[in-house]
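Trainee: I would like to learn how to read the features of a structure. Please take them in turn, with the general idea before the case.

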Amino acid sequence: MEYPQATVAALLLIITILLGIAAYLLHKVRVLERGLRETRVLLNNIVQAAVHAKVLAKKAQGRPRKRYIVYKIISEKALRYSDVEKMFRTAIRNLYGETGLAESRVYLAFHEPSSNTGVVRISADWKDRAIIAFSLIRQWEGRKLLVIPIRTTGSIKRARELIRSLN
Amino acid sequence: MFCDLYIEPRSPREASLMAEILRRSGFRCVGLADNSYSMAADIFVQRGFKVLRTIIIEASDERDARSRVKHVTKDAETIVVGRTSDASVFRFFSRDGRVDIVEASRRTVNLVDRNEAVILRKSGSLIGLRMWLLLKNPRNMAWMRALTTRIFRYDIPFVIYSSAKEWSQLWHPRHLYSLFQTWTGYGRYAYLGLAMPTYGENAFK
């Protein structure tokens with residue numbers, strides 16, 4: 001059976017058109033796939049950045065900045081390290097309570113009994129509040145005294161240098 | 001240079017110790033209580049201080065206050081401080097130009113307002129903050145903080161003094177800086193309260 005030429009041509013044309021549509025659709029699918037892939041990568045980056053920020057924030061929370069207060073105690077006699085530490089902790093506890101004592105992270109770095117000078121480490125946010133607490137210490141175990149804050153530094157090295165220059 | 005406008009050393013030895021500590025803390029002017037003046041003035045002058053005489057007038061009613069103020073002998077280097085818990089006496093002290101400093105207390109904090117600021121500016125007086133009250137009972141911190149807030153809100157001139165009887169009751173300027181920094185956020189304003197008064201014919205005005 002012979003097919004007329006026109007019919008063949010029409011069939012070829014239809015097949016060509018269909019192939020063209022298929023190719024177009026395939027191209028579109030590939031574009032969509034690429035878009036999806038890129039979106040997935042972007043979302044992944046966003047999530048990672050958020051997690052990283054959270055970790056940083058937690059890290060920042062977990063390690064607060066410290067300040068070192070160089071002090072001199074004017075007293076009738078030399079004070080021991082244990083006395084001074086107890087004195088400072090009691091002062092903060094009396095004024096701000098147990099939570100204040102915990103938040104302030106007060107720690108007596110060192111104390112020289114001969115000159116009654118020393119360095120106390122405190123959380124940066126608590127610097128002024130700690131000085132207020134220390135200013136209210138006027139006697140210890142029946143002996144009069146006065147705590148004078150000389151300088152506040154950000155590093156223990158500078159604090160020690162200051163103590164050396166004072167002594 | 002700072003000024004502690006009211007201290008009351010009990011003995012010459014105490015005065016000597018107080019003078020040394022005040023000098024090292026940057027103070028160059030003191031106001032001695034009337035009963036300590038004759039005993040301690042020379043000790044402070046020898047150490048280079050400017051010495052003023054501070055007279056405290058305490059009264060619980062207006063008539064008594066008027067009578068006491070009338071009998072005060074004032075000269076260029078005398079400071080008169082009015083101390084009371086009564087509202088009418090507080091206003092009287094604020095209005096009267098012979099009273100240089102009006103000391104606020106827990107009961108008179110609420111009287112420190114815009115009207116008080118106008119009255120004080122007119123009479124040339126100041127509000128006094130007595131730091132010894134904080135040592136006596138740290139619970140006084142609440143109303144002292146409220147008072148400081150009012151002083152700054154209404155722009156009232158003020159002065160800080162220790163009212164110390166012993167060397168261990170003195171206040172270092174750094175202590176006051178931290179107090180004001182915590183109370184108001186402006187620590188340096190504490191130094192305004194410690195500033196030296198002007199001299200001349202009228203020591204305080």
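The dialogue below goes through sheets, crossovers, helix packing, cores and single residues.

Trainee: What should I know before starting?

Mentor: This is a predicted model, in which local features need pLDDT of at least 70 and side-chain atom pairs count only at pLDDT 80 or more, while totals for chains, interfaces and linings use all residues. Residues are numbered from 1 along each chain as its sequence is written, chains are lettered from A and ligands numbered from 1 in the order in which they are written, and side-chain values use heavy atoms, with hydrogens and water left out.

Trainee: In what order do the 7 strands of the open sheet in chain B stand?

Mentor: Strands of a sheet pair through backbone hydrogen bonds, either parallel or antiparallel. Strands here are DSSP runs of E with at least two residues, helices are runs of H or I with at least four, and both are numbered from the N terminus. Two strands pair if DSSP finds at least two bridges between them. In chain B, the order is 1-2-3-4-5-6-7, and the pairing is parallel. Strand 1 and strand 7 (158-161) of chain B are at the edges with a single partner strand each, so one side of each has no neighbour in the sheet. On average, neighbouring strands of this sheet are turned by 30 degrees against each other, direction ignored.

Trainee: Which residues face each other across these strands?

Mentor: Start with strand 1 (residues 2-7) of chain B, which pairs with strand 2 (residues 27-33) of chain B over 4 bridges in the parallel sense. There, B:Cys3 stands opposite B:Cys29. Strand 2 of chain B also pairs with strand 3 (residues 50-58) of chain B, in the parallel sense over 5 bridges. B:Cys29 has B:Lys50 as its bridge partner in strand 3 of chain B, and B:Val30 stands opposite B:Val51. Strand 3 of chain B pairs in turn with strand 4 (residues 78-83) of chain B over 6 bridges, again in the parallel sense. In that pair, B:Ile55 is opposite B:Val80.

Trainee: Is strand 1 of chain B mostly covered or mostly open?

Mentor: Buried means under 20% relative accessible area, exposed means over 50%, and partly exposed is in between, with a 1.4 Å probe and protein chains only. Strand 1 of chain B is mostly covered, with 6 of its 6 residues buried.

Trainee: Which hand does the β-α-β crossover from strand 1 to strand 2 of chain B have?

Mentor: The crossover is right-handed if, with the strands pointing away from the viewer, the path from the first strand over the helix to the second runs clockwise. From strand 1 of chain B the chain passes through helix 1 (residues 12-24) of chain B to strand 2 of chain B, and this crossover is right-handed. Strand 2, helix 2 (residues 34-46) and strand 3 of chain B also make a right-handed β-α-β unit. Another right-handed unit is made by strand 3, helix 3 (residues 62-70) and strand 4 of chain B.

Trainee: What is the strand order of the open sheet in chain A?

Mentor: Its 5 strands stand in the order 2-3-1-5-4, and the pairing is antiparallel. Strand 2 (107-112) and strand 4 (139-140) of chain A are the edge strands, each pairing on one side only. Strand 2 of chain A pairs with strand 3 (residues 117-123) of chain A over 5 bridges in the antiparallel sense. A:Phe110 has A:Val119 as its bridge partner in strand 3 of chain A.

Trainee: How do I read two packed helices?

Mentor: Two packed helices are described by the angle between their axes and the distance between the axes. Axes are lines fitted to C-alpha atoms, for helices over the stretch in contact, and angles run from 0 to 180 degrees between N-to-C directions. Helix 3 of chain B and helix 4 (residues 87-95) of chain B have axes 9 Å apart and pack at an angle of about 30 degrees. They are therefore roughly parallel to each other (under 35 degrees; over 145 is roughly antiparallel, 65 to 115 roughly perpendicular and the rest oblique).

Trainee: Where do nonpolar residues gather?

Mentor: In soluble globular proteins, nonpolar side chains tend to be buried together. A nonpolar core is a set of buried Ala, Val, Leu, Ile, Met, Phe, Trp, Tyr and Cys residues joined through side-chain atoms within 4.5 Å. The largest has 61 residues, and B:Ile7, B:Phe44, B:Phe93, B:Ile127, B:Leu147 and B:Leu179 have the most contacts inside it. A second, separate core of 23 residues includes A:Met87, A:Ala133, A:Leu145 and A:Val147.

Trainee: Is B:Ser163 buried or exposed?

Mentor: B:Ser163 is buried, at a relative accessible area of 2%. B:Ser163 lies in the loop between strand 7 and helix 8 (residues 173-184) of chain B, and its phi is near 60 degrees, a positive value in a residue other than glycine.
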